Amino acid sequence: MKNKLLLLVTLFLTLNSFSQIVDPVDWTTSVEKISETQYKLITKAAIDKGWHLYSQKVPDGGPIPTQFNYKDDGTFSLEGKTQEETGETEYDTVFEMKIKYFNDSATFEQIVNVTDKTTTIFGTVYFMVCNDTQCLNPTEIDLEFVIKKGTPVVTKEATPTVTNENQNTSEKKGLLGIFLIAFFSGFAALLTPCVFPMIPMTVSFFTKQSKSRAAGIRNAIIYGISIVVIYVLLGTLVSFIFGADALNALSTNVWFNLIFFALLILFAVSFLGAFELTLPSSWGTKVDAQADKGGMVGIFFMALALAIVSFSCTGPIVGTLLVEAASGGSQLGPIIGMLGFSLAIALPFALFAAFPGWLNSLPKSGGWLNTVKVVLGFLELALAFKFLSNADLVLQLHLLEREVFIAIWIAIFGALAFYLFGKIQLPHDSPLTHISVGRLSLGLIVLSFTIYMIPGLWGAPLNLISAFPPPQHYSESPYGVGFTKLGSGGAAAHSDIPEGAHLMAPHDILAFNDYDKGLAYAKKVGKPVMLDFTGHACVNCRKMEQNVWVKPKVLNVLKNDVVLISLYVDDKRPLPVNEVVDSKLKPGKKLKYIGEKWSELQTIKYKANTQPLYVLMDHEENNLIAPVAYTPDVDEYYNWLAKGVGNFKK
């Protein structure tokens, strides 16, 4: 009797642990008057100890960011974006990126311009929180801000918004990276057939036309400064046209990424010799006429003439740099990029003017200049697919998964290696009688890089290029091409996959994302169901899949003894119109998204709202064993699986 009582108490405590709805964030709102026409909407989050709330800005492929929306009723307008205070930024080994989040508390501020008709502003905050073992369902909370006219202006901010020091450091490193890439790209542009021959011609002009060596040096320096000014003005123009908000959106905006993809393909095809991108010839004629006037104005127009004449070579490089710098989200990015690029272009002119004897050491113009141009074309082509991949990731189309992306890069760099070895010739190439040591060395480097990428088709991490291809979980299989077939005794081969199912990466487990179809299949094959309440941005879900599910004994059960139904609570795809229903948890609201449907199912039926949550049930949807959450211990998780399956067989 005593043992039975102890068993009942244990069972009650186990079930009770899954009957609690965790709510670790308490949201409050307030309003601060700035002027008669401006107010500050302040939203504060009080976060329970051990939990953390994510920032509004997280890298692609990371967790769900905190998102604010304000319902526009026409009586107010937003001034900029919602600002946030300092948080923690740490490297997450699962997402392989630095992620900013908040502990204990967080404050968000939004400035609005109001009118006489503004009384109350309504909004929502969509967010997710995690601790060390679990994540909650993404949740949307209603916000209300009452605008009280006639209140005094607050001269001292109640809650100052400060800038995250780690974020500043990261941004500075990002700008330094842009500068260095642009600087070396400028040197690459120097070695193209449009720019390189201009160096001795231009320097010779300044030294011959100047009355003294000092005057020649001075004019060449002015010429170099003019080049810098022209390109920096271009970068400033890009930042001014787009603005900081638009630049922040570039990295995830589908249309921007598709346009950039097409633009870089155009640049690449031009560099490979299909055609030349040129500006109208009348522009060059008019600029040359201004350059003949002499003086500082004439020198400036000579620099502008160089930019126009060399556009067919520098244009694609400049365009690529502006695209990369702008998509980084910093308004300074395009300006810093053009500063680095133009400095590299301008330096040789000033230095060779100061030391004309150095001109004798320059290599002669020839076919090698076109080789440089073609190499840059291959690099443009490879980079283009990064932007196509971004669009595919945002839309979750799975058209350009990791293996496909890597295969494309292998093809591109493999073709480049063949080109450098002289096995491929393009339209503007000179006859190749021999391969220089430099060209052979570069060819070997490219070939080595191509071979390095090949294991990526079989799941290798490829750390050297980790920022470019899709993440490893966005793939046909982490084991790569040729290893998607299930093992002996597995649930199904590719040709036998039932309707509504798929082979789940990275383990080739037959899985359903549709509850009804999965349950029907389980009844057909006579196996129990395992519900996997998970999320695309659930860190601990990925940890379980990568560290526990891969173990042979666990994997064997998941492949052979259960029917897996994975329900993503953060799936933002809309539900079919006939499946949109009223929420039982939030009266007056409708369940519009797939993730909301599964989130409400988990909360109502299993009295839990954290992920991962694993449920083993029979065909009548009764639990075979108490559900479990994050269970990193392999033996413990296996024993849970085995006991649940054993109960089904009994």
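## A guided tour of aromatic pairs, salt bridges and strands

The count of aromatic pairs in this structure comes to 21, a pair being two rings of Phe, Tyr or Trp (its six-membered ring) whose centres lie within 6.5 Å. Planes under 30 degrees apart count as stacked, over 60 as edge-to-face and the rest as tilted. The model is predicted: local features need pLDDT of at least 70, side-chain atom pairs count only at pLDDT 80 or more, and totals for chains, interfaces and linings use all residues. Residues are numbered from 1 along each chain as its sequence is written, and side-chain values use heavy atoms, with hydrogens and water left out.

**Aromatic stops**

Select Tyr-614 and Tyr-637. These two rings form an edge-to-face pair, 5.4 Å centre to centre with 75° between the planes. The pair links distant parts of the chain, with Tyr-614 in strand β20 and Tyr-637 in helix α17, 23 residues apart. Helices (H or I, at least four residues) and strands (E, at least two) are DSSP runs, numbered from the N terminus. Both Tyr-614 and Tyr-637 are buried; buried means under 20% relative accessible area, exposed over 50%, and partly exposed in between, with a 1.4 Å probe and protein chains only.

Next, select Trp-27, Phe-68, Tyr-70, Phe-102, Phe-108, Phe-127 and Phe-145, which form one aromatic cluster.

Then move to Tyr-419. Arg-439 lies over the face of this ring, at 5.0 Å from the ring centre. A charge sits over a ring if NZ of Lys or CZ of Arg is within 6 Å of the ring centre and within 35 degrees of the ring normal.

**Salt bridges**

The whole structure holds 12 salt bridges, each a side-chain nitrogen of Lys or Arg within 4 Å of a carboxyl oxygen of Asp or Glu.

Select Lys-589 and Glu-140, whose side chains meet in a salt bridge at 3.4 Å, N to O. Lys-589 lies in the loop between β17 (581-582) and β18 (590-591), while Glu-140 belongs to strand β12 (residues 139-146), so that the pair links parts of the chain 449 residues apart. Lys-589 is partly exposed, with a relative accessible area of 25%, and Glu-140 is partly exposed at 31%.

Continue to Lys-517 and Glu-499, joined by a salt bridge of 3.8 Å, N to O. Here helix α13 (residues 515-525) supplies Lys-517, and the loop between α12 (437-453) and β13 (501-504) supplies Glu-499, 18 residues apart. Lys-517 counts as partly exposed at 37% relative accessibility, whereas Glu-499 counts as exposed at 66%.

A further stop is Glu-621 with Lys-605, where the closest N and O atoms of the salt bridge are 3.4 Å apart. Glu-621 is in the loop between β20 (613-617) and α17 (634-649), and Lys-605 is in helix α16 (residues 594-606).

Finally, select Glu-32, Lys-40 and Glu-109, which are linked in a network of salt bridges.

Select strand β14 (residues 509-512). Ile-509 and Ala-511 point one way, Leu-510 and Phe-512 the other way, and all are buried. In a regular strand the side chains alternate between the two faces of the sheet.

Met-504 has Ile-509 in β14 as its bridge partner.

Phe-512 stands opposite Ile-565 in β16.

Key:
Pairing = 2+ DSSP bridges.
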